[in-house]
Amino acid sequence: VNDAAADLDAAAYAKTSHDSAHVGDWFPVPQEELPAKRVSVLIAAKNEEATIVDAVRSALDEGDIVEEVVVIDDHSTDGTRAALMNLAEADARVRVLESPGHGLASALNFGLQRCACDVVARLDADDVFAAGQLG
């Protein structure tokens with residue numbers, strides 16, 4: 001046995017300890033950029049003409065994190081659909097779909113199946129996101 005090779009270097013030993021602060025010293029940790037999180041915002045609406053524009057705009061105002069705003073119109077009889085179509089014409093991220101007409105839960109399930117992102121944020125048609133809420 002070579003005693004010189006068997007001598008323990010205290011500094012090297014400290015780096016091989018289980019102290020996680022030294023992991024990067026021995027095993028370089030990749031500094032890759034994680035892909036930006038993208039979100040689908042899902043809104044179901046029925047006769048929400050008075051509030052739907054503010055709801056959709058609050059989602060769009062969240063910025064690039066919002067890939068799409070999927071709005072399910074559950075057979076509105078007021079001006080909800082017209083307001084939504086105007087929003088969709090102004091911003092390609094807004095998708096307006098007609099539900100099968102079986103109520104809120106059915107409309108949300110219908111919309112959820114059509115969202116493009118793995119992360120879906122739900123918003124009521126009479127509510128708004130606080131600025132930065134999705135970021």
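This is a predicted model: local features need pLDDT of at least 70, side-chain atom pairs count only at pLDDT 80 or more; totals for chains, interfaces and linings use all residues.
Helix 4 crosses helix 5 in a right-handed sense.

**Two helices side by side**

Two packed helices are described by the angle between their axes and the distance between the axes. Here, helix 4 spans residues 52-60 and helix 5 spans residues 80-90, and they pack at an angle of about 30° with their axes 10 Å apart. Angles under 35 degrees count as roughly parallel, and helix 4 and helix 5 are therefore roughly parallel to each other.

Which residues of the two helices meet? From helix 4 come Ile 52, Val 53, Val 56 and Arg 57, and from helix 5 come Thr 80, Ala 83, Leu 84 and Leu 87. Sort the residues of this contact by type and you get six nonpolar, one polar and one charged.

**Helix 5 and its two sides**

Now look at helix 5 by itself. Its residues Thr 80, Ala 83, Leu 84 and Leu 87 are buried. They cover an arc of only 100° around the axis, which puts them on the same side of helix 5. An α-helix has 3.6 residues a turn, so residues three or four places apart point the same way.

What covers the buried residues of helix 5? The cover includes helix 4, along with strand 1 (39-45), strand 2 (66-73) and strand 3 (94-98). Turn to the other side of helix 5 and you find Asn 86 and Glu 89, which are exposed.

Helix 4 has its own buried residues: Ile 52, Ala 55, Val 56, Ser 58, Ala 59 and Leu 60. Among the elements covering them are strand 1, strand 2, strand 3 and helix 5.

Helix 6 (residues 104-112) is another one to check. Its residues Ala 107, Leu 108, Phe 110 and Gly 111 are buried. They span an arc of only 160° around the axis, which places them on the same side of helix 6. The cover over the buried residues of helix 6 includes strand 1, strand 2, strand 3 and strand 4 (119-122).

Back in a loop, between helix 3 (23-26) and strand 1, you'll find Ala 36. Ala 36 is exposed, with a relative accessible area of 63%.

**The whole protein**

Finally, step back. How many helices and strands does the protein have? There are six helices and four strands. Read along the sequence, they follow the pattern α-α-α-β-α-β-α-β-α-β. The protein has 135 residues, and 33% of them count as buried.

Notes:
Residues are numbered from 1 along each chain as its sequence is written. Side-chain values use heavy atoms; hydrogens and water are left out. Axes are lines fitted to C-alpha atoms, for helices over the stretch in contact, and angles run from 0 to 180 degrees between N-to-C directions. Angles under 35 degrees count as roughly parallel, over 145 as roughly antiparallel, 65 to 115 as roughly perpendicular and the rest as oblique. A crossing is left-handed if the near helix is turned anticlockwise from the far one by less than a right angle, and right-handed if clockwise. Contact means heavy atoms within 4.5 Å. Ala, Val, Leu, Ile, Met, Phe, Trp, Tyr, Cys and Pro count as nonpolar, Asp, Glu, Lys and Arg as charged, and the others, Gly among them, as polar. Buried means under 20% relative accessible area, exposed over 50%, partly exposed in between (1.4 Å probe, protein chains only). The arc is that of the directions from the helix axis to the C-beta atoms.
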